Amino acid sequence: MVFERLRIRDIAKLRSVCREWKSLLESSYFRDLYRTINHRNLSSPWSILYRDQYSNTPLEFFYEKWGLKQSLGSCVSRFLHEVKAANNNKRMGALSITDGLILLGVSTNFGPNEFCVANPVLRQWIKIPQPPPCSSLDGFLGAGLVTDMNNGDLLGYKVVRYGLSGICSEWCSLFFQIYSSDSGYWTYHYVSTERSIEKRLPSNPISSNGYLHWLCRATQVIFAYDFYAPTEFCRVIDLPQGSAKTPVKADEETLTISCGSLMYMNIDTGRPNQQLKIWRLKNYMSDSSKESWELLWNLMPGLDLGLETVPVAMHPFDKEIVYLVTRKTRYSRRHAYLVSGNLGTKKFQLHKGWKQRHREFGDYQSHMFHQFVLPQRLGSFPCPPGCTLVTLPEPH
């Protein structure tokens, strides 16, 4: 009765008092009870982190009764800087964020090949063993993180390096190096896409429900692969038919997560006024794009978003709230601003507190914006065999 009224960060500390308390606070019974008592806070505090050249800057933050002296985004950013300092200040940044975990990659001349998985809530991080060398014929393009969740409990996670095999031939297949927290080993896996694929994947993957999703703009499809139900084939999902009357530029469409579903957003600039459309993926299995997607929003002409606006994210708990980046010129200088909008009321707000110098819009694609949601259930952080779980001291 006492514990259920405490803040989640206090509970994280109390687990270290004794074995009895640790066993109780990590039990499924207590987690279910805590979630029920705190049902009014279903919209957990969350933050968007913008990754700019391997730095992490909080854009938005929402927090309620969690006892944070600073914004959630500031707390996460400070934690990431502490992890960087513990790794000899190597150049590292967030590659993927999902279910309260952050995948950090150390930058090298050949892309990230050193990884850490971090849990900001518990202030813990784990250095993942370096992957074994791979054939020079296979080109790695990036990395992602997927989790194994059961009723809100984190059972395990996988670090995934992905690339293309056979890049010198006409047809390519996806190639994965997968590190599992269960086994503590890297494994290799090739999958066929059953569809032509570009020589490079144009976007970092979006992680959700054990899947990684790649938006392939040239062929207007999404490649999706479930790493906890592996097969020899990668799912190919056609984008909604008629999603844009004119060809969509690479920076005018994006994938994001909202209300537990994968969302596809695009802005059709081929009209007198821009038109914003948002679809929800409802079916991975269907071969028909009409049966796979549900159109949630189709804002008709009359919505003035400005001539240079791109969608980047949605609110994780409210499918009516969208985030965009727009460019404006002031005194002959151009800057990018964050815009939040309520699709129900069609009201949009310019956030001048986040202003970036002028760049190409490709720098503001969705993979540069990471949603970090504070988990509602506090569980242990699985440590792979042979790895060391590092706990950082509480900040003063």
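Student: Is Phe3 buried or exposed?
Tutor: This is a predicted model: local features need pLDDT of at least 70, side-chain atom pairs count only at pLDDT 80 or more, and totals for chains, interfaces and linings use all residues. Residues are numbered from 1 along each chain as its sequence is written, and side-chain values use heavy atoms, leaving out hydrogens and water. Buried means under 20% relative accessible area, exposed over 50%, and partly exposed in between, with a 1.4 Å probe and protein chains only. Phe3 has a relative accessible area of 15%, so Phe3 is buried.

Student: What kind of aromatic pair do Phe3 and Trp21 form?
Tutor: The structure holds 14 aromatic pairs. Rings of Phe, Tyr and Trp (its six-membered ring) pair if their centres lie within 6.5 Å; planes under 30 degrees apart are stacked, over 60 edge-to-face, the rest tilted. Here the centres are 5.0 Å apart and the planes stand at 75°, so the pair is edge-to-face.

Student: How many residues apart are Phe3 and Trp21?
Tutor: Helices (H or I, at least four residues) and strands (E, at least two) are DSSP runs, numbered from the N terminus. Phe3 sits in the segment before helix 1, while Trp21 belongs to helix 2 (residues 19–25). Their pair links distant parts of the chain, at a separation of 18 residues.

Student: What are the relative accessible areas of Tyr225 and Phe227, whose rings also pair?
Tutor: The ring centres of Tyr225 and Phe227 are 4.9 Å apart and the planes lie at 75°, so this pair is edge-to-face. Both residues belong to one aromatic cluster that also includes Tyr162, Phe176 and Trp214. Tyr225 is buried at 2%. Phe227 is buried, also at 2%.

Student: Why is strand 15 largely enclosed by the rest of the structure?
Tutor: Side chains in a regular strand alternate between the two faces of the sheet. Glu253, Leu255 and Ile257 point one way from strand 15, and Thr254, Thr256 and Ser258 point the other way. Strand 15 is largely enclosed because of its buried residues: 6 of the 6.

Student: Which residue of strand 16 is the bridge partner of Leu255?
Tutor: Two strands pair if DSSP finds at least two bridges between them. Strand 15 and strand 16 (residues 261–268) run antiparallel, joined by 6 bridges. They form a hairpin with 2 residues between them. Thr256 has Met263 as its partner, and Leu255 has Tyr264.

Student: Which strands are the edges of the open sheet?
Tutor: The sheet has 4 strands in the order 15-16-17-18, with antiparallel pairing. An edge strand here pairs on one side only. The edges are strand 15 and strand 18.

Student: Which residues does Ser180 contact, leaving aside neighbours within four places in sequence?
Tutor: Ser180 lies in strand 9 (residues 173–180). Its relative accessibility is 12%, so Ser180 counts as buried. Contact means heavy atoms within 4.5 Å. With those neighbours left aside, Ser180 touches Tyr157, Lys158 and Tyr185.
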